[in-house]
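Please read it with the sequence and the model side by side, point by point.

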Amino acid sequence: MVERHASETPLAWLTLLSTSLHFILETWYHLTWGQPLQALIVDYICVALMVFGAVASLRLRPRSAAGLLATGWAFALGFGWRSGFGRLELRNSGADNVQGEADFVLPIVMASLAFVVIGLLWSLWLTWRQARGVPDR
């Protein structure tokens, strides 16, 4: 058995921190601009996947749960991509923001996507190392 890479623990804590922030901001957004309930449920599914992966990663020592972390980050990228680029397409077509959403939301969503890509690449790298059996140095 190859032991987990030392950077998996910081990634798990970063996942919990960013997931907490996502949960708080998404709930606030839902209450402020009234997004559809199905959109909020998708966000909460993401939160659940990321919390599950992070907690598993922190508890499975010395084994790795990098694949579970990657699952949460990949799900976040998938729905974040749709959300971000859907908003960008609306803006480019000249349409008004959905439900009176503020203009500052789009740059935040796009910056968040860049952050999610970094988390996903990090977790995929850890998963690849684990699958290949690369020892920690």
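This is a predicted model: local features need pLDDT of at least 70, side-chain atom pairs count only at pLDDT 80 or more; totals for chains, interfaces and linings use all residues.

1. Residues are numbered from 1 along each chain as its sequence is written, and side-chain values use heavy atoms, with hydrogens and water left out.

2. Of the contacts in the chain with a separation of 6 or more, 76% are between residues 24 or more positions apart, where contact means heavy atoms within 4.5 Å.

3. Consider helix 1 with helix 2 (residues 37–59): their axes come within 9 Å and cross at roughly 160 degrees, the axes being lines fitted to C-alpha atoms, for helices over the stretch in contact, with angles running from 0 to 180 degrees between N-to-C directions. Helix 1 and helix 2 are therefore roughly antiparallel to each other, since angles over 145 degrees count as roughly antiparallel, under 35 as roughly parallel, 65 to 115 as roughly perpendicular and the rest as oblique. The residues of this contact divide into 13 nonpolar, eight polar and three charged, where Ala, Val, Leu, Ile, Met, Phe, Trp, Tyr, Cys and Pro count as nonpolar, Asp, Glu, Lys and Arg as charged, and the others, Gly among them, as polar.

4. Two residues of helix 1 can be set side by side here. Trp-13 lies in helix 1 and, at 51% relative accessibility, counts as exposed; its C-alpha atom is separated by 8.4 Å from that of Leu-58, 45 residues apart along the chain. Glu-26, also placed in helix 1, counts as buried at 16% relative accessibility, and, leaving aside its neighbours within four places in sequence, Glu-26 is in contact with Gln-35, Leu-40 and Asp-43.

5. The axes of helix 1 (residues 8–33) and helix 3 (residues 66–92) come within 12 Å and cross at roughly 35 degrees. The helix 1 residues Glu-8, Leu-11, Ala-12, Thr-15, Ser-18, His-22 and Tyr-29 meet Ala-66, Leu-69, Trp-73, Phe-79 and Arg-87 of helix 3, and the residues of this contact divide into seven nonpolar, three polar and two charged.

6. Which residues does Leu-49 contact, once its neighbours within four places in sequence are left aside? They are Thr-71, Gly-72 and Phe-75. Leu-49 itself has its place in helix 2 and counts as partly exposed at 27% relative accessibility, while Leu-49 and Ala-76 are 27 residues apart in sequence and 9.2 Å apart in space, C-alpha to C-alpha.

7. Please also look at the loop between helix 2 and helix 3, where Pro-62 has its place. A cis peptide bond, with omega about 0 degrees, joins Arg-61 and Pro-62. For background, most peptide bonds are trans.

8. Helix 1 and helix 4 (residues 105–132) pack at an angle of about 155 degrees, with their axes 12 Å apart, and the two are therefore roughly antiparallel to each other. Their contact residues divide into nine nonpolar, three polar and one charged; among those that meet are Leu-14 and Trp-33 in helix 1 and Phe-115 and Trp-122 in helix 4.

9. Finally, is Arg-129 buried or exposed? Arg-129, which is found in helix 4, is buried, with a relative accessible area of 6%. The C-alpha atoms of Arg-129 and Arg-4 are separated by 8.9 Å, although the two residues are 125 residues apart along the chain.

How values were computed
Helices (H or I, at least four residues) and strands (E, at least two) are DSSP runs, numbered from the N terminus. Buried means under 20% relative accessible area, exposed over 50%, partly exposed in between (1.4 Å probe, protein chains only).
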